[in-house]
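The order follows what I looked up.

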Amino acid sequence: MRAGGGENEIIGIIGNNGVGKTTLIKSCLDILTYEGEILYLDRNLRKMNKAEKVKTYSALLEGNRNLYWKLTPIENINYFAALKGVKYSHISEMAEYLLMELNLFEQRNQLVENLSRGMQQKVAFIITIVLNTPVIFLDEPTLGVDVESKKSMIDFLLKSGYFQKKLVIVTSHDLHFIQTIATSVFKLKNGLLDVMSNLSGPDQHYIFKVLGDEKVILDMLPAKLKKTGMFYEFEIDLREIELSVTMQLLIDSKVDIVSIENVKFNMEHFYCN
């Protein structure tokens, strides 16, 4: 997979439990061993030193479970920045900006253990992005988060302007969240990434029920036929202008159209097929 270079590019990765979403991210962070090559701006991950990695990417893994509950949000941000060799004075303005954007500024000096789960997750989110790296990984960022906190994260991801010229890679089981924020979506299954090509495109998903010769239909359309009684059914993605052309093609080939159902192509359909 090659990604990046776009304005505010957010890639969503979905898939069942255990397919390897977190493993993929951990490989990209050089936490796990992997085969093949991972490149950041044509720089091989295996050849990057710690300073290069800190400047290139950051990641949210395990969310609020990685926070120190006896520290405040400011102290947590300071501590985790120090672990990466970054002084808090270098990121203090950015940290305060993020706390304000995510409605946590008033809680900045409260102990994390006294914050709600949603607030804790947002603190972990801030720790991830405060270093302002060009690549950001978010593993299940909305896990356990309430509706208000999730909306706050969505608004920040889409409207703040903070993520301009950044690549954000998000894994989640929250299909609505992914469909709302992502510019492209991949499904991880059997070790392969399958792209959802028409996430925001003009195509429509149609189910045709027809009566005619199977070979004639297969010769005309790149679709998988399903026989139901005396009829054949097939599903196909078409632009509006292509629909009338396809219908005329079937009629000219003496294939009777019994019904056409327009089905909105959504994330659940992509996830389950």
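Before looking up a pocket I noted the term: a pocket is an open set of grid points with protein on both sides within 12 Å along at least five of seven lines, and its lining residues have an atom within 4 Å of a point. I also noted that this is a predicted model.

Entry on the pocket. I looked up the second largest pocket and found a volume of about 610 Å³. Its lining has 26 residues, and S58, A59, L61, F80 and K84 lie nearest the centre. By kind, I read 16 nonpolar, four polar and six charged residues in the lining of the second largest pocket.

Entry on the sheet. I turned to β4 again, now as part of an open sheet of six strands. I wrote down the order as β4-β5-β6-β1-β7-β8, and the pairing is mixed. Which strands are at the edges? I found β4 (57-60) and β8 (192-196), each of which pairs on one side only. From one strand to the next, the twist averages 20 degrees.

Entry on two pairs of strands. I looked up β1 (residues 9-14) with β6 (residues 167-171), and they pair in the parallel sense over five bridges. For I11 I noted I169 in β6 as the bridge partner. I then looked up β7 and β8, which run antiparallel and are joined by five bridges. Here K189 has L192 in β8 as its bridge partner. The hairpin of β7 and β8 has two residues between the strands, and N190 in this hairpin takes a positive phi near 55 degrees.

Entry on helices across the sheet. I found α1 (residues 21-28) lying across β1, β4, β5 (135-139), β6 and β7 (184-189). To β5, helix α1 runs at about 150 degrees. Helix α5 (residues 117-129) lies across β4 and β5, and I noted about 170 degrees to β4.

Entry on α5 and α6. How do α5 and helix α6 (residues 147-159) pack, and at what angle? I read about 25 degrees, with the axes 9 Å apart. Angles under 35 degrees count as roughly parallel, and therefore α5 and α6 are roughly parallel to each other. On the α5 side I listed G118, M119, K122, F125 and I129, which meet S149, S152, M153, F156 and L157 in α6. I sorted the residues of this contact into six nonpolar, three polar and one charged.

Key: Residues are numbered from 1 along each chain as its sequence is written. This is a predicted model: local features need pLDDT of at least 70, side-chain atom pairs count only at pLDDT 80 or more; totals for chains, interfaces and linings use all residues. Side-chain values use heavy atoms; hydrogens and water are left out. Two strands pair if DSSP finds at least two bridges between them. Helices (H or I, at least four residues) and strands (E, at least two) are DSSP runs, numbered from the N terminus. Axes are lines fitted to C-alpha atoms, for helices over the stretch in contact, and angles run from 0 to 180 degrees between N-to-C directions. Contact means heavy atoms within 4.5 Å. On a 1 Å grid over the protein atoms alone, a cavity is a set of points where a 1.4 Å probe fits but cannot get out, and a pocket is an open set with protein on both sides within 12 Å along at least five of seven lines; lining residues have an atom within 4 Å of a point. Grid points are joined across faces, edges and corners, and a volume is the space filled by probe spheres set on the points. Ala, Val, Leu, Ile, Met, Phe, Trp, Tyr, Cys and Pro count as nonpolar, Asp, Glu, Lys and Arg as charged, and the others, Gly among them, as polar. Angles under 35 degrees count as roughly parallel, over 145 as roughly antiparallel, 65 to 115 as roughly perpendicular and the rest as oblique.
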